[in-house]
Amino acid sequence: MGEESGCCKRAGPGYATPLAAMSGPRESLLYVTCVYNGTGRQKPDFLATVDVDPNSPTYSKVVHRLSLPYIGDELHHTGWNSCSSCHGDPSATRRFLILPGLLSGRVYVIDTQKNPKAPSLHKVVEPEDIVEKTGLAYPHTSHCLATGDVMISFLGDKDGHSKGNGFLLLDSEFNIKGRWDKPGPKAEFSYDFWYQPRHKTMICTTFGAPYAFTQGFNLKHVEDGLYGRQLFVYDWPDGHLKQTLDLGDNGLIPGEIRFLHEPSKDTGYVECVLTSNVVRFFKTQDGSWGHEVAIQVEPLKVENWILPEMPGLIIGLLISLDDRFLYFVNWFHGDVRQYNIEDPENPVLVGQVYVGGLIRKGSPIVAVTEDGTTWQVDVPTIQGHSLRGGPHMTQLSLDGKRLYVTNSLFSTWDRQFYPEVIEKGSHMLLIDVDTEKGGLKINPDFFVDFGAEPDGPCLAHEMRYPGGDCTSDIWI
């Protein structure tokens, strides 16, 4: 990122500290994974480049589409080949975006440096090679390592059984090195993960068995133990499982996990999707790790739905780079939330806005209060567009002032709970953030309609900035 102050030595990718990242340049482009798998449209998924520069004539428009060579990938989460963990290495560059195909098991490597507006396909790591060398399938989270390697979590084996899960290592040329996790006890359903070198720890979450969640959500699968309720703590960088945190009935389906960004801090948060709460994890005096519920979203009593009570279904967790605010969405209820976490043990709700959901006005589903009164949420239109589905993925600007939101979770679940999103496609919104007192407000000038794609409506999922973001950078 240019020359460091006080010397002539060039730094590596990213920023020296999280606070330094907050002073980085404003984002101008956003890469968005777009899915046709599961929509009935026989098209390959693609990576969209969205113009997010408000001074540009193509602001809030898709300016490029990189279609991938295969059908059926279900692009999901993404990561970079290098990030702020490599800031001390001047030979490293944040050039390649890693795109795992959740269902195909394929891993794409995308070159974003030659032409940032029009990235190109650099390499494909084929699923047959991954299975042959590691036994891993159903890739999810990708993180760069300070060694130059890329590490990707896999939820199961080729048959969708969770016992085959683990972590893949790719070298700096994206060749398969093998598995990161060592022989011995392993996590079940390894889903999302975050490592914290100063505490010699990596913690991963336990979403569910692929052959369960790919069929759609079924409570019977939860009862049958096909979804997780644990956090697994590994030695870093050794890869040996050292502790299991059972979250019990208060922590069903742990999803996205985030340490605080300040690398010396020994605490973080994880969303528990089904129980709709946020659990704080922390290091105890004896050096082990503990946990407690920090935020609870109460279920709503409802009528005309599949259950008498509706959980929020928390997803899309992230933390601002100054560790002041935590964000998540309730995919079922339809709201985006902002919490002040300056006191990590006592988060305070300071911002909330509804951008969809199952209880919006016009829906047959109504919420019911204790006295029997029914109510629904008034969801605004943006530029004449009615908002579809419920919010899912989030991405925060480096300065914390802009929160981008998409609304596809997973094609099978979209079809089950929000069929209109499958039919008409999803969209991306921008929420303006009050970073002083807290507060969220929908930006009326930004709306990307992925229902108007040339090849038909598609499902927009995760977002990445070329220069780095709040969910991919790890400081060491």
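## Exercises on a predicted model

The chain has an accessible surface of about 17,500 Å², and 48% of that belongs to carbon and sulfur atoms. The structure is a predicted model, so let us explore it in a few guided exercises.

### Exercise 1: the chain as a whole

Decide whether the radius of gyration of the chain agrees or disagrees with that of a compact globule.

Solution. 
- Step one: for 476 residues, a compact globule would have a radius of gyration near 23 Å.
- Step two: the chain has 21 Å, so the value agrees with the globule.
- Step three: for another view of the dimensions, take the principal axes; along them the C-alpha atoms fill a box of roughly 65 × 55 × 45 Å.
- Step four: look at cover and contacts. Of the 476 residues, 62% are buried. Among contacts between residues at least 6 apart in sequence, 57% join residues at least 24 apart.

### Exercise 2: a strand and its sheet

Solution. 
- Step one: count the elements of the chain. There are 6 helices and 32 strands. Strand E1 spans residues 29–35.
- Step two: follow the bridges to strand E2 (residues 46–51).
- Step three: turn to strand E32 (residues 459–464).
- The open sheet has 4 strands, E3-E2-E1-E32, with antiparallel pairing. At its edges are E3 (62–67) and E32, each pairing on one side only. Ignoring direction, neighbouring strands of this sheet are turned by 25° against each other on average.
- Step five: check how E1 is covered. Of its 7 residues, 7 are buried. Leu-29, Tyr-31, Thr-33 and Val-35 point one way, and Leu-30, Val-32 and Cys-34 point the other way.

### Exercise 3: the nonpolar cores

Which residues touch the most other members of the largest nonpolar core?

Solution. 
- Step one: the largest core holds 76 residues. Those that touch the most other members are Phe-207, Tyr-227, Ile-253, Trp-331, Leu-403 and Trp-413.
- Step two: take Phe-207 as an example. Setting aside residues up to four places away in sequence, its contacts include Leu-155, Phe-189, Tyr-191, Phe-213, Val-273 and Trp-413.
- Step three: look for another core. A second, separate one of 27 residues includes Trp-180, Phe-193, Trp-236 and Leu-247.

### Exercise 4: one residue in its surroundings

Is Leu-247 buried or exposed, and which residues does it touch?

Solution. 
- Step one: locate Leu-247. It sits in the loop between strand E15 (241–246) and strand E16 (254–259).
- Step two: compare its relative accessibility with the cut-off. Buried means under 20%; Leu-247 has 7%, so it counts as buried.
- Step three: list the contacts. Beyond four places away in sequence, Leu-247 touches Arg-229, Gln-230, Leu-231, Pro-254, Cys-272, Val-279 and His-291.
- Step four: pick one of these contacts. Leu-247 and Cys-272 lie 25 residues apart in sequence, and their C-alpha atoms are 9.3 Å apart in space.

Definitions and conventions
Residues are numbered from 1 along each chain as its sequence is written. This is a predicted model: local features need pLDDT of at least 70, side-chain atom pairs count only at pLDDT 80 or more; totals for chains, interfaces and linings use all residues. Side-chain values use heavy atoms; hydrogens and water are left out. Buried means under 20% relative accessible area, exposed over 50%, partly exposed in between (1.4 Å probe, protein chains only). Helices (H or I, at least four residues) and strands (E, at least two) are DSSP runs, numbered from the N terminus. Two strands pair if DSSP finds at least two bridges between them. Axes are lines fitted to C-alpha atoms, for helices over the stretch in contact, and angles run from 0 to 180 degrees between N-to-C directions. A nonpolar core is a set of buried Ala, Val, Leu, Ile, Met, Phe, Trp, Tyr and Cys residues joined through side-chain atoms within 4.5 Å. Contact means heavy atoms within 4.5 Å. The radius of gyration is taken over C-alpha atoms; the globule rule is 2.2 Å times the number of residues to the power 0.38. Accessible areas come from the Shrake-Rupley method with a 1.4 Å probe; for residues, only the protein chains shown count as cover.
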